[in-house]
Every structure is written in C-alpha cells, then in structure tokens.
Amino acid sequence: MNPFDVIATDLDGTFLTDDHRVPQINAHAVRVAARRGIPTIYASGRPVRWFGVLDELAETHGWAVAANGAVTLDLATRRVVHARAMSAALIAEITQEIRRMLPSAGFAVEYLGAWGAEPHFLQHSEVPHLQAPMIELLARGPVVKLLVVDPATPTEDLAAVVGELIAESLTVTFSHVSQAGMLELSAAGVSKALALAELLDDLGLAASRMIAFGDMPNDLA
C-alpha cells in the first residue's frame with residue numbers, strides 16, 4: 001500500500017531549483033509516483049503561461065493549481081478545469097483606493113493566457129502582452145489575479161496596508177519578500193487550499209491522504 005495517494009507541491013523555492021529548473025531527483029520522484037498511480041498537483045502563484053517548465057513531465061499527467069488557486073488545469077492537455085475570475089468593477093474600485101493611500105503603487109492583471117500592466121508598473125523580467133491604463137486592462141477580458149507593486153513599501157508592510165484597506169473583498173497574498181513590495185490579489189476566498197480541495201473532490205481523493213510541500217505564506221493553508 002502506498003503511504004499517500006497524492007502529492008501537492010509549490011514550485012518556486014520548493015520543487016524547482018533557484019534557476020527555475022526541475023532537478024533530476026524531483027523529476028524521478030514524480031515519475032516513480034505516477035507509475036504507482038500517485039498523481040502530483042503543482043500548486044503555485046505562477047500564471048498559467050509559466051507552467052511550461054513542467055512540459056518534460058507531461059507524461060506523468062499531473063495537475064496544476066495556478067495563480068494562487070484562481071485557475072486549475074490538466075497539464076497533459078492544458079485544459080482549464082476551474083477558473084475564478086475577479087469582478088472588474090471591484091478591481092477598479094480597489095485600485096483607486098490603493099492608489100489614494102499609496103500614490104507610487106502600480107498595477108498589473110493576469111488573464112487566463114496573458115497579462116497586462118499599467119505603463120509605470122515595475123516589472124523587469126517580462127514584457128506585458130498589453131500595456132495600458134487600468135480601465136483598458138479591465139476591458140480586455142476576465143482577470144484572475146491583480147498584482148500590486150509599490151517601490152516605496154516593503155512586501156510585508158504593503159500587505160498590512162492593503163489587507164486593512166480591502167478587508168475581505170479580495171484575497172491578499174504574496175509569494176516573495178522584497179523592499180519593493182509586490183502583492184497578489186485574487187477573488188474573495190480564492191486560495192491554493194480551496195483549489196486543491198476542489199480538485200481532490202473531482203479526482204475522488206482524500207486530503208488526509210495527501211502529502212504537501214511549500215515555503216511561503218500562500219502555502220500555509
């Protein structure tokens with residue numbers, strides 16, 4: 001009998017190396033688990049488009065919880081199983097309130113397969129698919145994650161300010177800590193834990209038979 005029936009793991013800082021690659025030992029472990037009928041669920045704050053790093057493991061038929069739980073997909077087929085979009089009207093209201101409190105804040109939005117950012121949003125690693133004011137970004141399509149960056153406020157301080165400001169209207173989390181704070185906001189109630197529970201139910205698996213790994217606050221639940 002297997003000691004557990006399903007594996008759930010965060011990606012960055014946990015399953016992947018520091019240069020965002022799949023280490024051989026982890027790839028081997030996932031393949032052995034798959035042969036024993038144990039699926040792996042990768043639960044990450046990453047958007048859907050950043051899961052290509054797992055293409056080499058496609059034959060293991062794993063699952064992904066992306067955008068901190070806002071999107072669930074079948075990695076073998078890239079089929080979106082669940083998606084939890086945010087209210088465009090609420091995003092517009094929230095961004096106005098945050099900007100009033102933190103004038104140097106910038107915003108970006110994640111769609112299912114692309115992302116957009118305001119012209120002054122600080123992002124060094126990737127060019128957005130759409131660069132426009134927030135009103136135009138919200139008209140582009142359903143948003144599954146809102147990113148807030150403030151170069152003048154460290155991550156944990158930014159989380160405290162924004163968390164108090166929006167109360168329970170959205171879910172606030174972060175997946176790394178820096179002096180230029182960045183937060184990830186999702187629809188109310190969205191979390192990796194919620195998406196995992198939903199997926200386990202779909203798969204007929206029990207949470208009590210799951211082994212899980214993570215390294216940041218958005219992994220605790």
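Select His 20 to begin: at 45% relative accessibility it counts as partly exposed, the class between buried (under 20% relative accessible area) and exposed (over 50%), computed with a 1.4 Å probe on protein chains only. The model is predicted, so local features need pLDDT of at least 70 and side-chain atom pairs count only at pLDDT 80 or more, while totals for chains, interfaces and linings use all residues. Residues are numbered from 1 along each chain as its sequence is written, and side-chain values use heavy atoms, with hydrogens and water left out.

His 20 lies in the loop between α1 (11-15) and α2 (24-35); helices here are DSSP runs of H or I with at least four residues, strands are runs of E with at least two, and both are numbered from the N terminus. Although His 20 is not a glycine, its phi is positive, at about 65°. Most residues other than glycine have a negative phi.

Asn 68 is buried, with a relative accessible area of 3%.

Now select Phe 15, Tyr 42, Leu 54, Ile 98, Leu 146 and Leu 185, which touch the most other members of the 48-residue largest nonpolar core; such a core is a set of buried Ala, Val, Leu, Ile, Met, Phe, Trp, Tyr and Cys residues joined through side-chain atoms within 4.5 Å. The largest share of this core, four residues, comes from α5. Apart from it lies another core, of ten residues, including Ala 8 and Val 65.

From Leu 54, show the contacts (heavy atoms within 4.5 Å): not counting residues up to four places away in sequence, Leu 54 touches Leu 11, Phe 15, Val 22, Tyr 42 and Leu 75.

Finish at Pro 154, in the loop between β9 (145-149) and α5 (155-166). Pro 154 counts as partly exposed, at 24% relative accessibility, and, leaving aside its neighbours within four places in sequence, is in contact with Ser 178, Gln 179 and Gly 181. For a distance to draw in the viewer, take Pro 154 and Leu 137, which are 17 residues apart in sequence and 26 Å apart in space, C-alpha to C-alpha.
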